[in-house]
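Please go through this protein model with me, one question at a time.

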Amino acid sequence: MYPADRPLLVVTDAAARLVRRGLVAPGDAVRWRGARVAVFRRGPVVCELPAARVDAPSRAPYFPRDSQPARADSVSYPGARRFAPRMTLALYNTLTRRVEPFQPLAPPRVTLYTCGPTVWNYAHLGNFRTFLFEDLLRRYLEASGYEVFHIMNLTDVDDRTIKAARAAGTTLRQHTEPFVRAFFEDRDYLRLRPAHAHPRATESVPAMIVLVRRLLDRGVAYQGDDGSVYFAIDRFPGYGRLSGLDRREIKVGARVASDEYAKEDPRDFALWKKAGPDDDAVGAAWDAPFGRGRPGWHLECSAMSLYEIGTRFGVETLDIHAGGVDLIFPHHEDEIAQSEAATGRPFARWWLHGEFLNVRGTKMSKRFGNFLAARDLREQGVDAAAVRLLFWQTHYRKPLDFTDEALAAAGEGVKRLGDFRARLVGEGGRGRGEGRLARLAAEFEAAFRAALDDDLNAPQACAALFQLAHAGNRALDAGAGGAVAAVAALDRAMAVLDVLPTPRTPEPDFARWIEAQVAARERARKSKDFKEADRIRAALLARGVELEDTPTGTKWRVA
Ligand code: AMP
Ligand code: ZN
């Protein structure tokens, strides 16, 4: 029996069965039914399928353990309230440097890969500005009728994680695990929709080994005299296209082993780094046919994204790849080189990059010590809606300076929106039908969608939202009708922006009192005593409790 604690990469059921049945032993490399199955000594099973079969979607998708994926069989978000389908979205593509009409390969599906956090430490608010821009993108695609499959990796092995684990005297896994958990907590606090797949680099090494092998076989990679495997950038003619690098700058044969380096210094970069004593000490080394070592950071994202879309959808091209602007070079440039050199196909059709969150003009970064962790804000009792609104009020391609004042102002904005919705809901059945509010809502929705269709112009979408609140409050003062339509339009916008105040959790006694009032109102309604029902609703509202009558019963929340 193959020891249960050794990771298995199950590309097909057959590969796993071979090992379990003892037909192939660790260390073997065999061919079986046209598939090449290689089993490495210390680690995983790798099954390289012939090209024709790689394109066939696998019936047994691979789910990384502990990855907390959303339901993978249903990629649409259950709570999403959608706009009527309309495909007029245009997005700025870093690759072409133009705003282009968005058209996925196989609509309505959109494959979206976003570079995830490096879990050497807590993610800071700068990281979350990028993750939030990606959340906006994902939510707007979903609201526009697309079925998004979102992959966000967890970088749990790279130069930084190894250095941090070494300094802490722990293994890589022991060091990164708490930060993975913290990331998921922060993600939920900031209301980011969970990705459908969160592959971890350390659990995806077999796919990385396969990719390096492919690049070696194709002659675009070579083993250096230091034992590491490098990508020869002069053998990939498209190198530099994303970042606008002049090919004359490319230094033939010069090499760089570190994960990060400057654009001014393009060199052959490491795909697979020969294991050193630090790598082995923290458990960050794997056996491979080209030597014991560990993957380079750039290789990780190429391998994980190609693996996910290859096994699930049988394709080798992503619809969208996104990250912060600092990833354009070298990370994304190198991802393109590795992936396209291996597959011969475009790696991603749209490349989207979010600008920095700054502090007094300097990028928020651990390195500069000017950072704020998401959990700091949570501990200070900051409503996540305020953070979201703050970020939406600057376009994702413009730098944003973080200040406490701007955050406090966003908090006020969130409150105003919450109060406006409460007033609309308070109108209850009286707001049904046509009326000024319904007309305002229709105008708002058209402006909101036009703004987001235009390269996710969230500041303009927010302006339309506050205009609705302003004009809507005046219409309410004047006793206008149409509140039900206005709530519906507001809620559709909230499925994208999600900036209503976080409902307060009431004390148990208060909650019991609310439940009793809601039940009494229900009885009054059943016996057609609408005066009493309205009186109870008003009494609840006076204590900050909003009611919403839905087909499944009355819901309440404390604003
Ligand atoms: P890392 O955890 O360092 O791998 O970074 C995760 C993501 O955060 C990447 O997409 C980076 O581009 C992004 N990022 C890092 N610093 C900032 C910042 N100050 N503002 C916006 N995005 C950032
Ligand atoms: Zn990446």
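**Overall make-up**

Among contacts in the protein chain (contact means heavy atoms within 4.5 Å) between residues at least 6 apart in sequence, 75% join residues at least 24 apart. This is a predicted model, in which local features need pLDDT of at least 70, side-chain atom pairs count only at pLDDT 80 or more, and totals for chains, interfaces and linings use all residues. Residues are numbered from 1 along each chain as its sequence is written, chains are lettered from A and ligands numbered from 1 in the order in which they are written, and side-chain values use heavy atoms, with hydrogens and water left out.

Q: What percentage of the residues in the protein chain is buried?
A: Buried means under 20% relative accessible area, exposed over 50%, and partly exposed in between, with a 1.4 Å probe and protein chains only. The protein chain has 559 residues, and the buried share of them is 56%.

Q: How many helices and strands are there in the protein chain?
A: Helices (H or I, at least four residues) and strands (E, at least two) are DSSP runs, numbered from the N terminus. The protein chain has 17 helices and 19 strands.

**Helices α6 and α8**

Q: At what angle do helix α6 and helix α8 pack, and is the arrangement parallel or perpendicular?
A: Axes are lines fitted to C-alpha atoms, for helices over the stretch in contact, and angles run from 0 to 180 degrees between N-to-C directions. Helix α6 covers residues 205–217 and helix α8 residues 297–313; their axes are 9 Å apart, at an angle of about 105°. That makes α6 roughly perpendicular to α8, given that angles under 35 degrees count as roughly parallel, over 145 as roughly antiparallel, 65 to 115 as roughly perpendicular and the rest as oblique.

Q: Which residues in α6 meet α8?
A: On the α8 side, the residues met are Leu299, Glu300, Ser302, Ala303, Met304, Leu306 and Tyr307. By class, this contact has 9 nonpolar, 1 polar and 1 charged residues, where Ala, Val, Leu, Ile, Met, Phe, Trp, Tyr, Cys and Pro count as nonpolar, Asp, Glu, Lys and Arg as charged, and the others, Gly among them, as polar. The residues in α6 are Ala207, Met208, Leu211 and Val212.

Q: Which residues does Cys301 touch, not counting residues up to four places away in sequence?
A: Cys301 is in helix α8 and counts as buried, at 1% relative accessibility. The C-alpha atoms of Cys301 and Asn153 are separated by 7.3 Å, although these residues are 148 apart along the chain. Cys301 touches Tyr113, Cys115, Asn153, His331 and Glu335.

**Aromatic rings**

Q: How many aromatic pairs does the count come to?
A: Rings of Phe, Tyr and Trp (its six-membered ring) pair if their centres lie within 6.5 Å; planes under 30 degrees apart count as stacked, over 60 as edge-to-face and the rest as tilted. By this rule the number of aromatic pairs is 18.

Q: Is the pair of Phe149 and Phe313 edge-to-face or stacked?
A: Phe149 lies in strand β7 (residues 147–152) and Phe313 in helix α8, so the pair ties together parts that are 164 residues apart in sequence. Phe149 is buried, with a relative accessible area of 2%. The ring centres of Phe149 and Phe313 are 5.3 Å apart and the planes are at 80°, so the pair is edge-to-face.

Q: What is the class of the ring pair Phe444 and Phe448?
A: Both residues lie in helix α13 (residues 436–453), 4 residues apart, about one turn of the helix. Phe444 is buried at 4% relative accessible area, and Phe448 is buried at 0%. The rings of Phe444 and Phe448 have their centres 5.3 Å apart and their planes at 45°, so the pair is tilted.

Q: Which residue lies over the face of Tyr92?
A: A charge sits over a ring if NZ of Lys or CZ of Arg is within 6 Å of the ring centre and within 35 degrees of the ring normal. Over the face of Trp120 lies Lys366, at 5.5 Å from the ring centre. Over the face of Tyr92, at 3.9 Å from the ring centre, lies Arg397.

**Backbone**

Q: What is the omega of the cis peptide bond from Phe329 to Pro330?
A: Most residues other than glycine have a negative phi, and most peptide bonds are trans. The bond from Pro107 to Pro108 is cis, with omega near 5°, and Pro108 lies in the loop between β5 (98–101) and β6 (109–114). Pro330 is in helix α9 (residues 328–343). The bond from Phe329 to Pro330 has omega near 0°.

Q: Is Arg360 buried or exposed?
A: Arg360 is found in the loop between β15 (357–359) and β16 (362–363), and has a positive phi of about 45° although it is not a glycine. At 77% relative accessibility, Arg360 counts as exposed.
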